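Subject: Structure handover and notes

Dear colleague,

I am passing on the structure we spoke about, together with my notes on it. Please look through the model first and then read the notes beside it.

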Amino acid sequence: MVGQNIVTPDAAGIAASAKAAAKGKGLPPVHLWNPPFCGDLDMQIKRDGTWFYMGTPIGRFELVKLFSSILKMEDGKYFLVTPVEKVGIEVEDAPFVAVDFEVSGDDLTFETHVGDFVTAGPEHPIRVVRDPETGEPSPYVMVRAGLEALIDRKSFYRLVDIGEHHDGWYGLWSNGVFFQIIPSVELEM
């Protein structure tokens with residue numbers, strides 16, 4: 001290892017690399033990047049979508065949006081990826097929070113807390129996980145490449161209001177797909 005320059009990853013370096021890699025509109029092509037793993041970064045995304053760096057909330061929306069654009073999931077772990085480095089981060093639940101949605105015809109289009117929009121359908125399914133002890137639902141929508149958004153409570157209540165029964169389930173239609181929320185029989189109890 002003589003002569004090798006060992007670099008400790010930090011948020012500023014990752015942000016600079018991400019800005020340099022973000023050319024044009026749209027998301028950076030993180031699916032094409034496979035740089036070496038550089039270690040874990042003291043960064044965490046809480047269940048409410050708040051990003052923390054070294055225990056402190058990241059208050060700049062533009063920085064959170066930039067980091068969210070270079071987020072990647074591999075083997076159940078989350079990483080920030082640039083063309084030259086990959087660092088691990090911790091995600092408490094889902095990396096995104098769906099904070100609102102619109103209904104247009106038969107489509108449900110969700111907006112995340114970082115300004116991404118996704119229409120639920122075959123490539124962007126909605127799923128609901130229920131806590132085995134309390135039965136409390138946690139609803140999610142797939143945003144991209146294995147990265148989900150937790151649907152916030154107010155949006156979930158609105159979704160439940162527009163749901164319907166189909167084949168023994170209460171759920172939602174979007175983009176020609178029915179997404180199950182809860183067995184119909186459990187609503188009759």
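The notes below go from the whole chain to its sheets, hairpins and ring contacts.

This is a predicted model, in which local features need pLDDT of at least 70 and side-chain atom pairs count only at pLDDT 80 or more, while totals for chains, interfaces and linings use all residues. Residues are numbered from 1 along each chain as its sequence is written, and side-chain values use heavy atoms, with hydrogens and water left out.

The whole chain

The protein chain has four helices and 15 strands, where helices (H or I, at least four residues) and strands (E, at least two) are DSSP runs numbered from the N terminus. Of its 189 residues, 44% count as buried; buried means under 20% relative accessible area, exposed means over 50%, and partly exposed lies in between (1.4 Å probe, protein chains only). The chain exposes about 10800 Å², of which carbon and sulfur atoms supply 54%, with accessible areas taken from the Shrake-Rupley method with a 1.4 Å probe and, for residues, only the protein chains shown counting as cover. Among contacts between residues at least 6 apart in sequence, 53% join residues at least 24 apart, a contact being heavy atoms within 4.5 Å.

The sheet of six strands

An open sheet of six strands runs in the order S9-S8-S7-S12-S11-S10, with mixed pairing; two strands pair if DSSP finds at least two bridges between them. Its edge strands are S9 (117-119) and S10 (126-130), each of which pairs on one side only. Neighbouring strands of this sheet are turned by 40 degrees against each other on average, direction ignored, where axes are lines fitted to C-alpha atoms, for helices over the stretch in contact, and angles run from 0 to 180 degrees between N-to-C directions. Helix H3 (residues 153-162) packs on this sheet, touching S7 (96-104), S8, S10, S11 (137-144) and S12 (147-151), and the direction of H3 makes about 30 degrees with that of S7. Strand S8 (residues 107-112) pairs with S9 in the antiparallel sense over three bridges, and the bridge partner of Phe110 in S9 is Val118. In the loop between S11 and S12 lies Ala145, whose phi is near 40 degrees, a positive value in a residue other than glycine; Ala145 is exposed, with a relative accessible area of 70%.

The sheet of three strands

A second open sheet has three strands in the order S13-S14-S15, with antiparallel pairing, and its edge strands are S13 (164-166) and S15 (177-183), each pairing on one side only. Here neighbouring strands are turned by 50 degrees against each other on average, direction ignored. Helix H3 packs on this sheet too, touching S13, S14 and S15, and the direction of H3 makes about 100 degrees with that of S14. Six bridges join S14 (residues 169-174) to S15, with Ser174 standing opposite Val177 in S15. Asn175, found in the loop between S14 and S15, has a positive phi near 55 degrees and is partly exposed, with a relative accessible area of 40%.

Strand S5 (residues 77-81) has four of its five residues buried, so S5 is largely enclosed by the rest of the structure. Strand S4 (residues 71-74) and S5 pair in the antiparallel sense over four bridges, and Glu74 has Lys77 in S5 as its bridge partner. The hairpin of S4 and S5 has two residues between the strands, and Asp75 in this hairpin takes a positive phi near 50 degrees.

Ring contacts

The count comes to four aromatic pairs, by the rule that rings of Phe, Tyr and Trp (its six-membered ring) pair if their centres lie within 6.5 Å, with planes under 30 degrees apart counted as stacked, over 60 as edge-to-face and the rest as tilted. One of them is the stacked pair of Trp51 and Phe67, at 6.1 Å centre to centre and 20 degrees between the planes. This pair links distant parts of the chain, since Trp51 is in strand S2 (residues 51-53) and Phe67 in helix H2 (residues 61-69), 16 residues apart. Trp51 is buried at a relative accessible area of 1%, and Phe67 is buried at 0%.

Best regards
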